[in-house]
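Open the model in your viewer and show it as a cartoon.

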Amino acid sequence: MFDVIIAGCGPTGAMLAAELRLHDVRVLVLEKETEPVSFVRIVGLHIRSIELMAMRGLLERIVERARRRPAAGFFAAINKPAPEGLDSAHAYLLGIPQPVIVHLLEEHAIELGAQVRRGCAVAGFEQDGAGVTVELADGEQLRARYLVGCDGGRSTVRKLLGVGFPGESSRTETLMGEMEVGVPQEQIAAKMAEVPETNKRFWLRPFGGGVYSVVVPATGVSDRAEPPTLEDFRQQLRTVAGTDFGVHSPRWLSRFGDATRLAERYRVGRVLLAGDAAHVHPPTGGQGLNLGVQDAFNLGWKLAAQIRGWAPETLLDTYQAERHPVAAEVLDNTRAQMELLSTEPGPQAVRRLLTALMDFDEVNRYLIEKITAIDIRYDFGAGPDLLGRRLRDIDVTQGRLYGLLHRGRGLLLDRTERLTVGRWSDRVDHLADPAAVLDVPCVLLRPDGHVAWIGDDQQDLDDHLARWFGKPVN
C-alpha cells in the first residue's frame, strides 16, 4: 500500500512526488505514456517558480540546461522592459525545453525515493474512509491513502470524480511549432516588423542553429482532433504574412486554443486535483507550467502532514482555499491577454491604451508581478503586508535564506535570538540570526516559503506554530 498515488508524471506530478518524499511519504507516480514526450517545446520558468527551485536545491542543475532571459514582455506580448528593483533575487526568466524540465523534476523525485511507472493509465477508482483503490487500464488494482490527479486538462481523475469544470470552450486556435526556415534573416525581420502590427498571434523567433519558433493563427486548417501538419503551417503563414518562409524540417508541431476552465473543487475526500487537471487556460504569458508547479509546492507539505499525522484539522482544506483563487486570477488575466491579441478595432484600441499605460512604472510592475506570481498574498488574517506573502531569498549569516529550505521544513528566522520552536523542532528549523537582512524582528516560514507569522512574542509564536504545524511532540 502506498501513501499517495499520483496520476501523471508531468512537471506538477513529478514536483509533488518530490515534495512528498521530503517527508518520507510512500509515493507512486503513474504515467500513461510509455516514453517521455519527444517534441522539444520551450517553456519558461517565471520568477516564483525559479525561487521554488532554489528552495529545494534544484536551481543549479536547471540553469545548466536553460537560457536566461529578461523578465519582460509577458503580458499580451507587449514589449516593455522589466521594472527595476523587482522584489526577488531571481528576477529573470529561464527558458528551458519542456522534456528537460520534466526529466529533471522526475529525476529529482526518483532520487528522493519516489516510484514512477510508465505505461500505466488510471481507469477507475473507489474511495472509502481509509483510502482509495485505483484500477489501472489493464485491470490491476492498487491501494493508497490518497490519490492526486495531475493528469492534464482532459483529466481522467477529475472526470471520474465528477467534479465540474466550468468555463469557456475554445473560440480561436493557434498553431505553434519549431522548424527551420529557408529565407534570409533579413526577410524574417522585415515581416516581423510589419505583420504583428495587425496580427498579434504571429511570430517567428530564432532559437539558434537555423531553428525558429513559429506561431500563427489556425483558421480553416485540418481537423482539430488531429495534430497539425507542416502544410497547415505553410498555408497559414502565406495567409497571414504573404510567404511561408520556406519552413521545413519541423521539430514538433502543435496547436492550442483559448479554452478557459477551472475545477469547482480541488478535493473530494481522499482525491485531489492539481495542475492542468484543476485549471486550463491559454498559454499567453507562459503561466501554465508555473501554476501547476506552484500547486504542487502548496499541496505537498500539507498532504504529507496529513499522512504523517501532525496536520491541524483544517490544514489540507487550505490547499483549495489558497490555490483556487490564484488560478481564478490567472484565468482572468489570460482572458484579458487573449482579448488584447484580437485584431478587432476595439481590443486593439485597448491594447494601444494599455501599452501607453505600461510606461508608468506602477502599471508595468503590477502586471509583471502578477504574471510571475510574486504578488500572491494568501489570506492569513489581519497583519503586516508581508504576512501571507513569500519571502525573497535574503542574505543570512549562513549564506542565502533559500539554502536553508532544501528539506521542505518550516523555518523560524529569529533576529531577536530569544525565541524557540520548542517541541515543534521535528518539523520546524530555527535560525537565530540578528544580522539577517529583514526589517521585522522574526518570521515563521511555511515549507513553501510563505510568511505564516511576524512578531517577537513566544506565546504568539507558539499559537501560530500550532495553527500551521499541529500539536507539538510530547
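Two strands pair if DSSP finds at least two bridges between them. Helices (H or I, at least four residues) and strands (E, at least two) are DSSP runs, numbered from the N terminus. This is a predicted model: local features need pLDDT of at least 70, side-chain atom pairs count only at pLDDT 80 or more, and totals for chains, interfaces and linings use all residues. Residues are numbered from 1 along each chain as its sequence is written, and side-chain values use heavy atoms, with hydrogens and water left out.

Select residues 260–262. This is strand β15, which pairs with β18 in the antiparallel sense over 2 bridges.

The 3 strands make an open, antiparallel sheet in the order β10-β15-β18. At its edges are β10 (167–168) and β18 (279–280), each of which pairs on one side only.

Next, select the whole protein. Its secondary structure comes to 12 helices and 24 strands. The radius of gyration (over C-alpha atoms) is 23 Å, close to the 23 Å from the globule rule (2.2 Å times the number of residues to the power 0.38) for 474 residues, so the protein is as compact as a globular protein of that length. Along the principal axes, the C-alpha trace spans about 75 × 60 × 40 Å.

Colour by accessibility last. Of the 474 residues, 53% count as buried (under 20% relative accessible area, 1.4 Å probe, protein chains only).

Technical notes. Buried < 20%, exposed > 50% of the residue type's maximum accessible area, 1.4 Å probe, protein only.
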